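Dear colleague,

I am handing over the structure below, and my notes on it follow. Please read them beside the coordinates.

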Amino acid sequence: MKICVLPGDGIGQEIVAQALRVLKKVGEKYGRTFETTEALIGGCAIDAEGVPLPADTIAKCKDADAVLLGAVGGPKWDTIDPAIRPEKGLLGIRKELGLFANLRPATLFKQLADACYLRPDIVAKGLDVMVVRELTGGIYFGEPRFDGEKDGERFGYNTMTYYEHEIRRIARVAFEAARKRSGRVCSVDKANVLDVSRVWREIVIDEHKNYQDVELSHMYVDNAAMQLVRDPSQFDVVVTGNLFGDILSDEAAAITGSIGMLPSASLGESNPGLYEPIHGSAPDIAGQDKANPLATILSVSMMLRHSFDMTEEADCIESAVEKTLEQGYRTGDIWQEGGKSVGCVEMTDAVLANM
Ligand code: ATP
Ligand code: MG
């Protein structure tokens with residue numbers, strides 16, 4: 001298995017280095033060989049090559065079976081030309097790899113239940129939702145778009161568009177993901193108001209004919225936003241378009257209260273999938289061995305599960321993370337009274353020991 005590693009900026013370097021120790025260990029334990037190659041993306045690529053996504057990085061990613069990314073950006077590059085900002089590197093690689101599906105599990109580890117923003121009786125029911133967001137279509141990319149003037153005043157618009165093939169392929173990702181989980185998909189749209197949403201709903205229903213073992217329900221986005229904080233246990237997989245998914249995936253992650261714990265996957269049709277923590281480059285704590293490596297370590301386990309079908313290996317990492325939390329190890333972002341205060345490296349040492 002070939003993995004292209006893109007540490008990026010800020011805490012990216014530290015957390016990716018630790019996640020690679022876990023990858024090596026799981027390889028040794030199960031007799032798997034992972035070949036890794038590093039490349040530049042984001043601010044460090046701008047410093048070295050003048051662009052956030054060098055051609056060499058694109059080539060190395062396309063040549064790999066999966067990509068592991070840390071984070072990009074930081075105050076150092078906040079004032080440069082918007083056309084070559086670090087974030088452009090991330091958008092660029094998603095586009096190059098055709099990554100149209102973004103999978104974001106929002107999981108509340110029971111050991112961290114105190115951090116959750118929800119009422120204890122709701123937390124007790126569990127919080128384990130997978131948001132599957134369409135990533136390359138919808139209102140962020142739809143044409144026409146306009147920013148100008150009309151009838152003597154400022155005026156602008158964007159267009160929410162979806163083709164049938166775009167809806168079918170994201171629905172398939174959601175149904176497949178549900179099969180590996182509790183077998184339920186809730187499709188979120190605004191079909192009572194938006195024409196594009198009626199197309200969305202109709203196609204999701206049609207694609208569901210191929211997944212009769214999965215339970216499908218539908219919800220309007222305003223209600224879904226409310227139900228997610230009212231009782232997230234009613235959801236397993238949520239599938240939705242780009243805009244609604246952007247908002248709902250942040251909402252779902254935020255209620256867990258653990259930004260340093262959550263991984264993500266971006267998948268395409270046949271190209272390598274890209275795996276990264278949902279948090280950013282955290283410049284305020286970079287280079288201080290304070291970052292929580294668990295989101296990146298869990299991104300590795302998502303990679304093993306989704307790109308390589310290595311279920312046992314992924315389970316091994318996830319149980320080791322749970323055990324480490326059980327033993328009380330805490331970085332600053334998940335600090336609890338009575339915990340064992342550790343840094344990025346020591347947290348990883350504990351995970352390795354628990355594997
Ligand atoms: P971006 O625009 O890159 O998403 P951001 O400013 O939205 O960046 P983060 O970089 O994720 O957000 O940081 C938000 C806060 O969370 C910061 O105070 C940061 O230190 C903290 N944080 C983020 N990730 C971690 C982590 N892995 N471990 C500890 N703290 C973290
Ligand atoms: Mg952010």
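Two strands are taken to pair if DSSP finds at least two bridges between them, and strands (E, at least two residues) and helices (H or I, at least four residues) are DSSP runs, numbered from the N terminus. The model is predicted, so that local features need pLDDT of at least 70 and side-chain atom pairs count only at pLDDT 80 or more, while totals for chains, interfaces and linings use all residues. Residues are numbered from 1 along each chain as its sequence is written, and chains are lettered from A and ligands numbered from 1 in the order in which they are written.

I begin with the sheet. Its 10 strands form an open sheet of mixed pairing, in the order β2-β1-β3-β12-β11-β4-β5-β10-β8-β9. At the edges stand β2 (35–38) and β9 (215–220), each of which has a single partner strand, so one side of each is left without a neighbour in the sheet. Neighbouring strands are turned against each other by 20 degrees on average, direction ignored, where axes are lines fitted to C-alpha atoms (for helices over the stretch in contact) and angles run from 0 to 180 degrees between N-to-C directions. Helix α10 (residues 294–306) packs on this sheet and touches β3 (66–71), β11 and β12 (273–277), its direction making about 155 degrees with that of β12; residues are in contact if their C-beta atoms, placed from the backbone, lie within 7 Å.

Strand β11 deserves a separate look. On one side, β4 (residues 101–107) is joined to β11 (residues 263–267) by 3 bridges, and the two run antiparallel; here Ala 101 stands opposite Leu 267, and Leu 103 stands opposite Ala 265. With β12, β11 pairs in the antiparallel sense over 4 bridges, with Ala 265 opposite Tyr 275, and β11 and β12 form a hairpin with 5 residues between them. Of the 5 residues of β11, 5 are buried, so the strand is largely enclosed by the rest of the structure; a residue is buried if 20 or more other C-beta atoms lie within 10 Å of its own, exposed if 12 or fewer, and partly exposed in between. Pro 263, Ala 265 and Leu 267 point one way from β11, whereas Ser 264 and Ser 266 point the other way.

The domain assignment, which is automatic or taken from a database, gives domain 1 (1–104 + 262–355) and domain 2 (117–256). Their C-alpha centres lie 25 Å apart, and 12 residues of domain 1 are in contact with 15 residues of domain 2. On the side of domain 1 that touches domain 2, the elements giving two or more residues are β4 and β11, and β4 gives the most, with 4 residues.

Leaving aside neighbours within four places in sequence, Val 300 is in contact with Ala 19, Val 22, Leu 23, Leu 68, Tyr 275 and Ile 317.

Asp 147, in strand β6 (residues 146–150), counts as exposed because it has 9 C-beta neighbours inside 10 Å.

Best regards

Notes
Two residues are in contact if their C-beta atoms, placed from the backbone, lie within 7 Å.
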